[in-house]
Amino acid sequence: MFNASRLKSDGYLTYSGVTEDNYQLKLQRPIGRDTTLTLFSTYNKDPQLRSRQGGVTLGQVAQFGKNYALKQ
């Protein structure tokens, strides 16, 4: 079995877009009459970008809108 998926979004806040990649692989092989060897692997890449500046001021929200966020 092989499964791959991608999630991509611009995000609600400015500078908050995200791209996530996920992969799964499962292999099964009989190695005897009553025994099956199973190998399973998964890989997930989901970086999160968050502002280090702690948020925006009420003045910035009034000027730029409620979805305004500071750069990284």
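Asp-21 touches Ser-5, Arg-6, Tyr-43, Asn-44 and Lys-45, leaving aside residues up to four places away in sequence; contact here means heavy atoms within 4.5 Å. Colleagues, this is a predicted model, in which local features need pLDDT of at least 70 and side-chain atom pairs count only at pLDDT 80 or more, while totals for chains, interfaces and linings use all residues. Residues are numbered from 1 along each chain as its sequence is written, and side-chain values use heavy atoms, with hydrogens and water left out.

Let me stay with Asp-21. The side chain of Asp-21 makes a polar contact with the side chain of Arg-6, at 2.7 Å. A polar contact is a pair of N or O atoms within 3.5 Å; within protein, one must be able to donate a hydrogen and the other to accept it, and residues adjacent in sequence count only if both atoms are side-chain atoms. Is Asp-21 buried or exposed? Asp-21 counts as buried because its relative accessibility is 11%, and buried means under 20% relative accessible area (1.4 Å probe, protein chains only).

Asp-21 lies in strand E2; strands are DSSP runs of E with at least two residues, and helices are runs of H or I with at least four, numbered from the N terminus. Strand E2, residues 18-30, pairs with strand E3, residues 36-45, in the antiparallel sense over 10 bridges; pairing requires at least two DSSP bridges. The two form a hairpin with 5 residues between them.

Tyr-68 and Leu-13 are 55 residues apart along the chain, and their C-alpha atoms are separated by 5.7 Å.

Definitions and conventions:
Buried means under 20% relative accessible area, exposed over 50%, partly exposed in between (1.4 Å probe, protein chains only).
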